[in-house]
Structure formats: structure tokens, C-alpha cells
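Let us walk through a protein model together. Keep the structure in view and follow each stop.

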Amino acid sequence: MNKIKFLGTAGARFVVTRQLRKSGGIWLKLGNTNVLIDPGPGSLVRCLSSKPKLNPLDLDGIILTHRHLDHSNDINIMIEAMTNGGWKKKGIVFTPLQAIDEDPVVLKYVREFLDKIEVIKEKGIYKIGNICFSTPVRHHHGVETYGLNIYGKKHSISFISDTSYFYGIEKFYKEKILILNVVRLEGSDKIGHLSLNDAEKIIVSNKPKLAILTHFGMTMIKAKPWILAERLTNKIGIEVIAASDGLEIDLDKT
Ligand SMILES: [Zn+2]
């Protein structure tokens with residue numbers, strides 16, 4: 001089964017620190033390759049408490065889109081879990097240089113447990129098992145951040161991680177399933193996040209088969225994301241859903 005599992009859907013500081021939504025990241029399985037994207041606080045607990053349980057030993061790798069804690073907090077424990085406490089050397093961590101360079105979020109001693117660390121850069125193309133992915137453009141987000149286009153044999157997914165809207169962003173993320181981190185209901189913030197209006201603009205332009213909103217900040221939570229998604233679907237005629245904690249998408253049925 002090819003699937004996307006949302007271990008958590010919390011975005012930005014207040015929703016994460018108060019755990020108004022969970023914050024474990026996204027588990028992706030494509031053609032028997034398992035990858036965890038942005039293991040925020042609670043990722044390990046969310047894997048082990050999932051039904052059915054997700055076994056971190058099954059992971060082939062972990063991708064960090066950037067160093068912010070809501071995306072990287074559990075990276076070290078997930079490396080330990082993926083490598084059976086460091087006894088089974090395996091796996092690749094993909095990360096921007098900034099997350100392993102100065103003030104690193106990936107501790108040096110756990111790096112030894114991995115097959116390798118691969119530094120992601122703008123316009124990079126990477127491979128892990130049966131998955132290929134690209135990082136087409138550096139995002140506008142304060143710290144070094146990339147979105148992903150992910151390709152399996154049968155499926156393709158665009159994932160727009162944290163960024164403020166910038167001119168032309170649409171052209172970088174054209175895959176059939178489009179996941180967007182939508183922190184804000186409206187307006188912009190200092191750090192740089194998409195608002196719901198920004199997301200709408202991108203979805204209308206790219207017409208994915210399915211758009212999935214996630215990584216919600218307080219203003220989105222208060223406005224009930226599932227209602228916003230339904231309204232957007234009716235307005236633009238493209239299927240938009242709001243992810244919920246634990247939501248699993250069977251890609252073979254989409
Ligand atoms: Zn961020």
C-alpha cells in the first residue's frame with residue numbers, strides 16, 4: 001500500500017507548544033520505501049501509538065525541510081529508533097546545511113548511526129530506495145527551508161513546507177497531490193507562512209487532483225480547517241481536504 005500518514009497537523013509555536021494538534025510530521029510509504037518528513041515534537045510517540053503501529057525500524061530515511069523545532073524536534077530520537085538504538089547502521093537523513101552546521105539540530109553522535117547525511121540544496125534531486133525527490137526552490141522562511149516534489153513509481157506529491165507566498169511559487173509544485181503547510185487564516189507574519197488565501201491561489205493555479213491542508217496555526221484551528229477546506233472545495237471545484245492528526249491517505253485509492 002502506498003500511503004501518506006499525518007502523524008500531526010500542528011503548525012507554528014502556540015499550537016505546537018500547547019499541543020492543540022499533534023506535531024509528529026508526515027510518514028510516507030511509496031513502493032515499500034518509508035520516509036519520515038519533519039519529525040516534530042512527539043513523532044516517536046505518534047509512530048508507536050498509531051493504529052496500526054508504525055515501526056521506526058522500517059524507515060529508510062528522514063527528511064528535514066528546515067531546522068525549526070516544530071519540524072525537527074524528534075530527529076535525534078527518530079534516528080536512534082530507525083537504527084535500533086544505533087546498533088543497526090542504516091538510513092539517510094536529508095537536511096539543509098543550516099540544520100547540521102552551526103547550532104545543529106542533528107546531534108553529532110547520532111550521525112554515526114546513519115549510512116549518510118545528505119545536504120539538500122536548491123534545485124537538488126535525491127534518491128532513497130524507490131523514492132526520488134527534488135527540492136526545487138529555497139523558501140522564504142527566515143531559516144534555510146525547502147519544499148519537496150516526491151516521486152514513486154505510480155504517485156507524485158508536491159509538499160510546500162513553511163514559506164511566505166512569493167511570486168512564481170506555483171510553478172515549482174505541480175504534482176498530482178499537493179500538500180500545503182497553511183499556518184495562517186489570513187495576512188502574513190514576520191517568519192513567513194502561507195495563509196489560506198495564498199493556498200487558494202496556488203491550488204487554483206496548479207489544479208492538483210487532491211490538495212491537503214496541514215500544519216495549522218491558531219487562526220486556522222479556531223476557524224475549523226475542515227469547514228474551510230469544504231468551503232474551498234465548493235468555491236473552486238478542486239478537492240481540498242484538511243488533514244487531521246492520524247489521517248491516512250491511501251494513495252492507490254486517490
Ligand atoms: Zn518553520
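The largest pocket has a volume of about 520 Å³. Its lining counts 23 residues, and the closest to its centre are A12, R13, F14, I191 and H193. A pocket here is an open set of points on a 1 Å grid over the protein atoms alone, with protein on both sides within 12 Å along at least five of seven lines; lining residues have an atom within 4 Å of a point. A volume is the space filled by probe spheres set on the points, which are joined across faces, edges and corners.

This is a predicted model, where local features need pLDDT of at least 70 and side-chain atom pairs count only at pLDDT 80 or more, while totals for chains, interfaces and linings use all residues. Residues are numbered from 1 along each chain as its sequence is written, and side-chain values use heavy atoms, with hydrogens and water left out.

Which elements each supply at least two residues of the pocket lining? They are α1 (12-17), α3, β11 (177-184) and α7 (218-222). α1 gives the most, with six residues. Helices (H or I, at least four residues) and strands (E, at least two) are DSSP runs, numbered from the N terminus.

A cavity is a set of grid points where a 1.4 Å probe fits but cannot get out. There is one cavity of 30 Å³ or more. The largest cavity holds about 130 Å³ of space. Among its 16 lining residues, G8, G25, I26, D38 and H215 are the closest to its centre.

Now find the zinc ion. Its protein donors are H66 (NE2), H68 (ND1), H141 (NE2) and D162 (OD), lying 2.1 to 2.4 Å from it. Donors are N, O and S atoms within 2.8 Å of the metal (3.2 Å for Na, K and Ca); water is not among the atoms, so sites may look incomplete. Along the chain, the donors follow the spacing H-x1-H-x72-H-x20-D. Buried means under 20% relative accessible area, exposed over 50%, and partly exposed in between (1.4 Å probe, protein chains only).

Why is the zinc arrangement irregular? The four donor atoms subtend angles of 88 to 173 degrees, so the arrangement is irregular. Four donors count as tetrahedral if all angles lie between 85 and 135 degrees; four count as square planar and six as octahedral if opposite donors are over 155 degrees apart and all others between 65 and 115; anything else is irregular.

Move on to T163, in the loop between β10 (156-160) and β11. T163 counts as buried because its relative accessibility is 0%. Its side chain reaches the backbone nitrogen of H140 at 3.0 Å. Leaving aside neighbours within four places in sequence, T163 is in contact (heavy atoms within 4.5 Å) with residues including H141, I169 and H193.

Finish with helix α4 (residues 75-82). Six of its eight residues are buried: I75, N76, M78, I79, A81 and M82. What covers them includes β3 (33-37), α2 (43-49), β4, α3, β5 (92-96) and α5 (108-111). Just after α4, N84 takes a positive phi of about 55 degrees.

Conventions: A polar contact is a pair of N or O atoms within 3.5 Å; within protein, one must be able to donate a hydrogen and the other to accept it, and residues adjacent in sequence count only if both atoms are side-chain atoms.
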